[in-house]
Amino acid sequence: MAINLPGAAAWHRIPSVSGKFLAVLVPVLLLGSLAFSAGFFVLRHRTLTEDQTRRMAVVAESHAAVLAAVLDRADHGAARTILQAIAAHPDTPCAETGGGAPALAWPPGGCPAGGRLERVRVPLPPGGTLTLGVSMAAVDERIRSGVHGALVLLGLILGGTVATALAAHRISIARPLRRMIEAMQPGGAGRPVAWESADELGRVVAAYNATLARLHAEEEALRQSQERLTLAIGATRSAVWDHDLITGRCWWSPEFPRLLGMTPEDLPMTPASRAALIHPGDAPEVLRATERHILGETESLAVTYRVRRSDGAWLWLEERATAVRGADGIAHRLTGTVSDVTERVRAEQALEREHTTLQITLDNVEQGIVMADAGLRVVMSNRRAADLLNVPADFLAAGPTYAEVIRRQQDNGEFADDAGDPDLHLDEWPEGTRQPMAFKRRCRNGAVVEVRSTPLAGGGFVRTFRDVTEEARKAEEIFDTMLALEEAYANLKDTQASLVQAEKMASLALLVAGIAHEINTPVGVAYGCSTHLEGQAGTVTDALAAGGLKRSTLESFLHDAGNAARLIRQNLERAAGLIQSFKRVAVDQTSQDRRRFALVPYLTEVAASLDPSLHHLRSRVAVDGPAADPVAMDSFPGALSQIVTNIVMNADVHAFGPGGPGEPERLAIHVAALAGDEVEIRFHDNGRGIPPAHLARVFDPFFTTRRGEGGSGLGLHIVFNLVTQTLGGRITVDSPPGGGTTFTLRLPRTAPVLDAVSRQPEPLPA
């Protein structure tokens, strides 16, 4: 509300701040100076008046004593003379006595009633008063003189003060204001003021510069925001519109007609032209939503509808608006945006079709499927899940929480016999739902359901349910079968061990038979020689008893006895050697003792023990090795003897059997020392060889080509196990067509330790 005061118009017409400053400063200084001077001279006048009065009182007291003496003599003439002398002083123009003393006065009429006179009364002894009329003319003159000088000085001071103040005002106020005015002129608009000062005006200038900078930044931000808005509207295929509900006027941005394939001139900005574009099937819903928002039933307007393009196609638009209401709450304006959502609506429709297809597919799969969101609320399920969970399908479709599903199952009697089911421990969730898990559940009807839960990245899980009742039954059957198989396998291993032992005993029996046959010859010779010697000894004894013993008979007996003893000794030594060799080989084959031995001599001894079993061959087993090195071994000679026996006897049966080579049979054992503390033993024969189809299976257990002829198929399998496990080596077989068969062993000189207790190595035999 404007207030009109007298002189306000004249004040506003003053063209400059300096003029207004002077208009305020000069009267204030003048009035202030005058008020100060007036106060000063009033006080000064009072002080001078009081001084004049006190001084005249002193004069009156001095004259009172003289006058009292004259009056005591009743000399009135002298008294008048004294009064005349007193009145002759300019400061006391009149004097008079009274109050009990003779009434005398000078001038004769007494002190005039008018005029500016002060009365000073002093007592006259012994009674009466002396009154002097004191004039203040001298005081007034002094005051007038002081006022005149003060006015001159005040004028000079006032002029100097105004000039100084005006100069200071121009420097401190007018100059920055003029710069601000110049900066605000059209030619300098937007330019900061070049002024820095710590006073209020400097802060005003700084605030102006800061405000100007902020305005520039806001203008730039507004410009960028307008550019972004324009780009966003264009990129999102949107438009802005406004509808004045009171006047009925409409406005929309040019993007709206472009969405419809029109130009702004083709589409009048009227509610009717806009309403005519809406699909008839969507128009009622758009109208109802708009009316509800105008009436305040909804906080905002959001509606999706179809409009016809200029080419006749239907376009899906999403409209969002907000009503502008007055103080009474009545809407008088609608402002909002409209966006082209055709692609989104089509995508949603396609997604809905896919969702329907997916739901139909899920309802026809054998597995039950349930998906829960981060809040553990069921968002998708199928009928099979409802069947396996024993809950109604419409209950799952309503989107309950998984805890509600569990409670519904409990109400149906589930989990009665399984208190440890993971679904019953909801207090461990949601951590439990963030880890994959799988478990089986036995339902109330006896069915077994496999439950698998997989967590989702954004929270929640997908859970599948599969009826595995038949699989569980088969698994139990398989488990029982596995138990039976394990028992059968154990029996098979026992049988295999028995067969291996039988194979060892069979090879040992073959060795015994050969040795027995070989020993039989020297023992028979020794026996024949001893019998012949016994007969000759009886003849000599009889001749000696008859006294007919001749020298020639005795010499013949002694010659025959010497020959017989030599033959007996030679054959018994041969038999003892065979028995000793057999003993060592047999003991080695039937034990697993570890000892130190020379490899080449030991192989020669084993080969010799096998010669009786190979008497039908046209050649013996030949053993050769390094001439200077017997190849010292720290190993298991029994295992090595078993290997040599099995390989040699396998060659005798398979390589040199019926249909063998026409040339003399050759079976050789070659020993070679290798680098790295290893030795190589090669068994080579020139027999018929091994067919290529059988070559890869010769070390398999129970593999034989002469099963109906007594072969067990364990000979070479035992060889393979002894080489690789007991001796810690490797074995290979090679049988080129027409080139016989070669078994190559590579063994460490020091065999691995088979048990925890190390054995003290024995010294090499001499």
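What share of the contacts in the protein with a separation of 6 or more comes from residues 24 or more positions apart? The figure is 57%. Keep it in mind on this tour of a predicted model.

**Start with the whole chain**

Show everything as cartoon. The protein has 766 residues, and 36% of them count as buried. Colour by secondary structure to pick out 18 helices and 21 strands.

**Stop 1: helix α2 and Met56**

Select residues 17-72, which make up helix α2, and find Met56 within the helix. Is Met56 buried or exposed? Its relative accessible area is 3%, so Met56 is buried. Now show what surrounds the residue. Beyond the neighbours within four places in sequence, Met56 is in contact with Asp91, Thr92, Val120, Leu132 and Val134. Draw a distance from Met56 to Thr92. Their C-alpha atoms lie 7.8 Å apart, across 36 residues of sequence.

**Stop 2: the five-stranded sheet**

Move on to the open sheet. Which order do its five strands take? Reading across, it is β6-β5-β9-β8-β7, with antiparallel pairing. The edges are β6 (250-252) and β7 (301-308). Each has a single partner strand, so one side of each is left without a neighbour in the sheet. Look along the sheet for the twist, which averages 25° from one strand to the next.

Strand β5, residues 238-244, pairs with β6 through three bridges in the antiparallel sense. Select His243, which stands opposite Cys250 in β6. Cys250 is buried at a relative accessible area of 14%.

**Stop 3: the cysteines**

Go to Cys443 next. This residue also counts as buried, at 12% relative accessibility. How many disulfides does the structure hold? There are zero.

**Stop 4: two loops with positive phi**

Most residues other than glycine have a negative phi. Leu376 has a positive phi, near 60°. Find Leu376 in the loop between β10 (368-372) and β11 (378-381). With 16% relative accessibility, Leu376 counts as buried.

Then jump to Asp677. Its phi is positive too, at about 60°, although Asp677 is not a glycine. This residue sits in the loop between β18 and β19. Asp677 counts as partly exposed, with a relative accessibility of 44%.

**Stop 5: the largest nonpolar core**

Nonpolar side chains tend to be buried together in soluble globular proteins. The largest nonpolar core here has 46 residues. Which members touch the most others? They are Leu599, Leu640, Ile681 and Leu745.

- helices α15 (599-610), α16 (637-655) and α18 (715-726)
- strands β18 (667-674), β19 (678-685), β20 (730-734) and β21 (741-748)

Which element gives the largest share? Helix α16 does, with nine residues.

Finish on Leu640. Show side chains for its contacts, leaving aside neighbours within four places in sequence: Phe597, Leu599, Tyr602, Leu603, Ile681, Leu727 and Leu747. Leu599 and Ile681 in this set are, like Leu640, among the core members that touch the most others.

Key: Residues are numbered from 1 along each chain as its sequence is written. This is a predicted model: local features need pLDDT of at least 70, side-chain atom pairs count only at pLDDT 80 or more; totals for chains, interfaces and linings use all residues. Side-chain values use heavy atoms; hydrogens and water are left out. A nonpolar core is a set of buried Ala, Val, Leu, Ile, Met, Phe, Trp, Tyr and Cys residues joined through side-chain atoms within 4.5 Å. Buried means under 20% relative accessible area, exposed over 50%, partly exposed in between (1.4 Å probe, protein chains only). Helices (H or I, at least four residues) and strands (E, at least two) are DSSP runs, numbered from the N terminus. Contact means heavy atoms within 4.5 Å. A disulfide is a pair of cysteine sulfur atoms within 2.5 Å. Two strands pair if DSSP finds at least two bridges between them. Axes are lines fitted to C-alpha atoms, for helices over the stretch in contact, and angles run from 0 to 180 degrees between N-to-C directions.
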